[in-house]
Each structure stands twice: as C-alpha cells, then as structure tokens.
Amino acid sequence: MIQKSWTNLRPVIGRVRCGNVMKVNFSDITSIIVVGLLGWGSTQLYAMKSDLAVVSYRVEENYKMIKPMWQDFLVRQANYDKSWTNAVPNIHTTGGTE
C-alpha cells in the first residue's frame, strides 16, 4: 500500500501506521456536536415557523367565518332581549348634596 507522508510529502511504502493519523481532539468532537445541534435546531425552527403559518391562516379563516355570525347574534340579542329596560332600579342617586 502506498501512502504519502504528511510531513515531507514522500510516499510511504509498506504498512500504514495509525499512530498520529487517527488522533481525535476534544475540540473536534465538541465542534461536530455543536454543528449538529445547530443544524437540528435550525430544522426544528423552520418546521415550527411553517406550522405557525398554517395555524395563523386557519385562525384568520375561522375569524372571517365567525365574524358575521357573532355580529348577527349581537344584533338579535340587542333587538329581542330588552327585558332589562322595563325594570326600575333600586339605586337612587342624589343631586350631589346631602
């Protein structure tokens, strides 16, 4: 097997050693974990944003559908429920001086 040496760029013939080539630093592992977490977080944020857009659209459509019914209910209640206007209040106000 022929492999180039990293120190002097000449080919190394024979058995390849794994002594210094496969050394993994703690900073390499943490950087890979951080990049993975940032990637996962960004995909979750994108999915949440798209779900929020769908929910917002549905709420707006429900509001448009319910608004006429609510207005009709308020008009009907104001027209037909006038029983409170015939009652005489028990509270008498004064003219300001007693």
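## Terms and basis

A residue is called buried under 20% relative accessible area, exposed over 50%, and partly exposed in between, with a 1.4 Å probe and protein chains only. The model is predicted: local features need pLDDT of at least 70, side-chain atom pairs count only at pLDDT 80 or more, and totals for chains, interfaces and linings use all residues. Residues are numbered from 1 along each chain as its sequence is written, and side-chain values use heavy atoms, with hydrogens and water left out.

## Overall architecture and confidence

Of the 98 residues in the chain, 1% are buried. The chain exposes about 10,100 Å², of which 64% is supplied by carbon and sulfur atoms; accessible areas come from the Shrake-Rupley method with a 1.4 Å probe, and for residues only the protein chains shown count as cover.

Confidence is expressed as pLDDT, the predictor's score for each residue from 0 to 100. The chain has an average pLDDT of 77, and 59% of its residues score at least 70. Helix H1 has the highest confidence, at 91, while strand S1 (residues 2–4) has the lowest, at a mean of 54. Where pLDDT is low, the predicted coordinates should not be read in detail.

## Helix H1

The 55 residues of H1 should span 81 Å at 1.5 Å a residue, and this agrees with the 77 Å between its end C-alpha atoms. The expected span is 1.5 Å times one less than the number of residues in the helix.

H1 has a kink of about 30° at Ile66, shortly before the proline Pro68. The bend at a residue is the angle between axes fitted to the seven residues ending there and the seven starting there.

## Salt bridges

A salt bridge is counted when a side-chain nitrogen of Lys or Arg lies within 4 Å of a carboxyl oxygen of Asp or Glu. This rule gives three salt bridges. Glu60, Glu61 and Lys64 are linked in a network of such contacts. Because Glu60 and Lys64 are four residues apart in helix H1, about one helical turn separates them. Glu60 is partly exposed at a relative accessible area of 41%, as is Glu61 at 33%.

Arg76 also forms a salt bridge, with Asp72; their closest N and O atoms are 2.5 Å apart. These two residues are four apart in helix H1, so about one helical turn lies between them. Arg76 has a relative accessible area of 47% and is partly exposed, and Asp72 is likewise partly exposed at 36%.

## Nonpolar surface patch

A nonpolar surface patch is formed by Met65, Ile66, Met69, Trp70, Phe73 and Leu74, with about 630 Å² of accessible area together. Patches consist of residues with over 30% relative accessible area and no salt bridge; like charges are joined within 9 Å, and nonpolar side chains (Val, Leu, Ile, Met, Phe, Trp, Tyr) within 5 Å. Phe73 is located in helix H1 (residues 26–80) and counts as partly exposed, at 42% relative accessibility.
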